[in-house]
Amino acid sequence: MPSIFRKHANEIDVAAISANGAVVLTVGQWGEANVYERSSTREICTLKPESPLHGKAAAPFGDGEFVTCIDSAALSPDGSVALLGLNDRSAVAYSTTSGELLATLRIDAEIGFGVVRAVKFSHDGKLAAVGFMDRTVGLWSTNDWSQLCVLQPQDGGRLLREPVARDTLVSCLSFSSDDEYLFVGIADETALTWKISTQEVVFEAKEHVQEIIAISVQNEDVTWCTTGGSIWHCVNDEKPQCFHSRSQLWSEGKFSKDGSRLLIRTKAGPVM
């Protein structure tokens, strides 16, 4: 085993490497990040962030005290700054040379349990992106750590399938090579891309996670509805169009014989 990782007895949960390859960061324990100089394997510093909730508030899962966890990490291109996503709806930025806390990044005024699974620096190192729930991303300037914007899509909290614990959690982030666009992957297997300069969604992939529950074929016209509460229509070989979308989950559907009416049973139970 390389000496750089010998202190990790079991497994490394989170890791990062700087774009220049000079600095490596590993998280072998939930609340501790170790930063190394890659060429010499010398440990530069150990970062141990502590949430204001640490030891004071019970976590939502289990009866014990809140324990600060590092759920994601990124290094600036030159390795001088580490960005760590925590489990209290925030990320923290540290200097890897001095171990100094530079900034705490959050969009919620209220501190509470919430995993930050995705953090990322832009290629030029000028932007820091942090992913939150409701498909939301915050952008900060690394110059003075001021918040630049919050990218929150319309209906960001909408569920598109059977709910699980972290459906709308941002799970991965990636900047385009020119830092003009930000790709956002979400835990429910959906994704979207933002144009940063205009703060517009230019691409969204979500229909693939929905299942078709009813279909009507009338000559060359095809209409279908999905578990995500959407109704689609297509004529011949034209591009399908979504002409109806509800922010609710559907479990069953039945079209009338001529396809003009639709009976729906929602996941919540009511029939429409």
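Biologist: What is the relative accessible area of Arg 42, and how is this residue classed?

Modeller: The relative accessible area of Arg 42 is 45%, so Arg 42 is partly exposed. Buried means under 20%, exposed over 50%, and partly exposed in between (1.4 Å probe, protein chains only). This is a predicted model, in which local features need pLDDT of at least 70 and side-chain atom pairs count only at pLDDT 80 or more, while totals for chains, interfaces and linings use all residues. Residues are numbered from 1 along each chain as its sequence is written, and side-chain values use heavy atoms, leaving out hydrogens and water.

The side chain of Arg 42 meets that of Glu 37 in a salt bridge (3.8 Å, N to O). A salt bridge is a side-chain nitrogen of Lys or Arg within 4 Å of a carboxyl oxygen of Asp or Glu. Side chains of opposite charge can pair when their charged atoms come close. Glu 37 is partly exposed too, at 27% relative accessibility.

By this rule the count is eight salt bridges. One of them joins the side chains of Glu 32 and Lys 48 (3.8 Å, N to O). This pair links distant parts of the chain, 16 residues apart: Glu 32 is in strand β3 (residues 32-37), and Lys 48 is in the loop between β4 (42-47) and β5 (70-75). Strands are DSSP runs of E with at least two residues, numbered from the N terminus. Glu 32 is buried, with a relative accessible area of 14%, whereas Lys 48 is exposed, at 56%.

Notes
Helices (H or I, at least four residues) and strands (E, at least two) are DSSP runs, numbered from the N terminus.
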